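Look at the model before reading on.

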Amino acid sequence: MADFLINTLGLPAWLAWSITAMVAAVLILNVIAGGALAFIWAERKIAGRIQDRLGPTRTGGKFGWLQSLADGIKLLAKEDLMPDGADGMLFRIAPYVSFCASFCAFIAFPFAFDFIGQRLNVGVFFVIAVLGLEVFGVILAGYASASKWSLFGAMREAAQVVSYEVPLGMCVVVPVMLAGSMDLVTIAEKQGGWFTSWFLFHDPFTFVVFWIYVTCAIASVNRAPFDLAEAESELVAGFHTEYSGLRWSYFFMAEYGSMFLVSALAAILFMGGWNGPVPVASILGLSEGTSDTANYFVRLLGMVNLLGKATLGVLAMMWIRWTLPRLRIDQVMATCLKYCTPLAAAMFLGAMLWQIALPGGLVPGLRRPAAEIREGWLPGPGGAARSVGEDAGAVVKVGA
Amino acid sequence: MMPYVATAFFAAPLPLAFINWHSFFFFLFAAVACGFAVAVVAADNVVRMAFYLVLSLGATAGLFFLAGAEFVGAMQLMIYVGGTLVLLVFGVMLTAQAPFVSIKGNGRDRVVAGVVGIVLLAVLLQAALSVTSWRQPAAGIVAEPAATPIGMALVGVRVDEPGVGAPARNVRPGYVLPFEIVSIHLLVVLVGAAYLARAKRRKTPRAIEVAASVEPPASVAEHAAIGRDRSRGASVLSGGR
C-alpha cells in the first residue's frame, strides 16, 4: 500500500508510511471495537437463551441488535467517578494499559495471508508475550482503586494469569514444533488444503493439546468459569468495582478483544488459520499468485474463514461461561498446576515422539506431513542461506 | 549507536519529508526509556515505580523491534516486562495495608546511589562513544530471521555460521552446553523454591492422637487417623525428619 501511495499518487515517503500505519491501526481498532459491540450483543442474547429468557428485544428493532450501541451511549454519558483514596494517575491510566496490550497483540496478527499489520518471524511469541501484559492494567486498577474488593480481584488475577501462562505456553509450542516456525503466517500456511491437514487432527496428542489450550485461553482472558478477578457474588465486581463510564468500557473492550484474539490464535495454531475446511478457492480454480484479483479474492475468503472460526470460538466461550459455575481459587490453581501443566507437558512429549515415529501420519497420502522439511535443517552453506532467505519475509521497511 | 544516529538525524535537512524516520523513532523510544528510568528513581511509591519500570522496559523492547531484532524484542517483553509483573504484585502486597506508603531514602543513601549511578553511566557512555565504527546501514534496516538460527543453535546446530565446505556432521556445536547448564540451574532454583515455600508440617496431629487415645469419639478418631497418615506420608517425603 505504501508503494502504491508513493509510486502512483506521488506522495512523499514519510506521508505514505504514516498513512499506511494509520490505516492498519484504524482497521485493528475497529476489529476490536466493532467486535466488542457485536459480541456484547451476542453474549446478551446467548445468556438470555441459555437462562430461558429472551435477552434484549426492543432496542433497534426485533432482535435488540442496537442494544450495545445504546449501552455505549449510556456509558459515554455517565459520570467518570474516582474514589477519594484512589491513586489518581494509576487509576486513570489502568484501563488504557489493558486496552493497549490487547491492541498491540493484534499488530502482529495475520487475518489472511497478507492482511497483517506487521509480519514478525516470532509472531506467536510476540502475541503471547503482549497478551500477558493485559494483567498489568488489572493489577494497577485493583491497586489504585483503594478498595478491598478491587485489590482482592487484582491479586487473584495476578496469581491466575502467572500460573496459566505456563501450560498455555506449552500448548502453543506444539503447533510451533509441527510447523517448524514461530511465524503465524507460516504456521497457518502449513495447514493448507482440506481440514485433515489442520494441526487439530494431526495426531491424538495435538487433539488433546487443543482442549488444554482452550481451557488455558479461557483462564488467561479471565472469563467464567475462571473469572475470579471479578467474581460478582464475592467481590462485587472485582478489579473494576470502582470504575464507571468510558473507562469501565475500556476494560470490556480489552476483554472482548483478548477473547477474540485467543480464539483467532486457536484458529491459526490448530484449525488451519485462513484455510477453510474445504479448499473452496482452489476448487474454484483460484489460487494464490494467478492474478491480483484472484489473490485479493483468496485472501478475502481467507479472512472470512479466520473471522468465522474466531467468532465460533468466542461464541463457544460464551456458551461455557453461561453453563459452568465459577471455580474456587484453589480449584483454579489445581486445574492449572495439577492437570493442565502435566497434561500439556505429556502431550508435548507425545506429539514430539509421534512426529519422530510417524512423520508421514497414520494414513500416508491422506495429508501432507506438516514438518518434513524445516527451515535451517540443512546445515550446509547453501542450504542454510537459502532457507534463511526464504524465511525472511518480514522486511522492516523503516526510514525514507 | 549514538554518534551515527545523531548525525543522521541532525544532518537531515529540514523539510519534514527528509527526516530519517528510523532515527526519529529511535529517539522517541530512547526518550521514553530514559525518561521513565529517571522517573523510577524519582518516584516514591513502589507501585508507580514498577509501572514506570514497565514503560521503560517496554520502550527498550521497542528499540529492539526497531533494530529488526524481533526475537530479542519479544524476549524483552516476555521476560523483563512480564517479570516486572511479579515486582508489581509484591509492591501492591507491601503497600496494600497503608496505601501510598512512600519510600524516601535518606541523604547519605542518595549520595552513594548517585555516585554509583553516575560512575556507571560514565563507563557506559565512554564505552559507547569510543566505538568509531558504527556503520550506517546501506538501505534501511532489513530484519534478519533471528529466531530460527538461535533456536537451532540452542539444540546444537549453527546454521548461521556454517563451516565453509564442512561436511554436515562437522558443524559447530552451538549453545548446547550453556543451554543445558542454564536449564539445570533453573531446575535447581525451581526445586529450591518449592522446598522453601512448601507447607510446614503442623504439630497438631500428635496432640489429636493423644486425645484420641484417651477418649476417642468417632470424628476425632477419624481425624487422628488422617493426621497420622498425613504425617507419616510427609515424613517419608521429607526424608524421615
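Is the crossing of α6(A) and α11(A) left-handed or right-handed? The crossing is left-handed, meaning that the near helix is turned anticlockwise from the far one by less than a right angle. This is a predicted model, in which local features need pLDDT of at least 70 and side-chain atom pairs count only at pLDDT 80 or more, while totals for chains, interfaces and linings use all residues. Residues are numbered from 1 along each chain as its sequence is written, chains are lettered from A and ligands numbered from 1 in the order written, and side-chain values use heavy atoms, without hydrogens and water.

**Helix α6(A)**
- Helix α6 of chain A spans residues 134-144. Eleven of its eleven residues are buried (under 20% relative accessible area).
- Just after α6(A), A:Ala146 takes a positive phi of about 55°.

**α6(A) against α11(A)**
- The two helices pack at about 150°, with axes 11 Å apart. They are therefore roughly antiparallel (over 145 degrees).
- A:Glu134, A:Gly137 and A:Ala141 of α6(A) meet A:Phe251, A:Ala254, A:Glu255 and A:Ser258 of α11(A) (contact: heavy atoms within 4.5 Å).

**α7(A) against α14(A)**
- Helices α7 (residues 148-179) and α14 (residues 329-357) of chain A pack at about 10°, with axes 9 Å apart. They are therefore roughly parallel (under 35 degrees).

Methods. Axes are lines fitted to C-alpha atoms, for helices over the stretch in contact, and angles run from 0 to 180 degrees between N-to-C directions. Helices (H or I, at least four residues) and strands (E, at least two) are DSSP runs, numbered from the N terminus. Angles under 35 degrees count as roughly parallel, over 145 as roughly antiparallel, 65 to 115 as roughly perpendicular and the rest as oblique. Buried means under 20% relative accessible area, exposed over 50%, partly exposed in between (1.4 Å probe, protein chains only).
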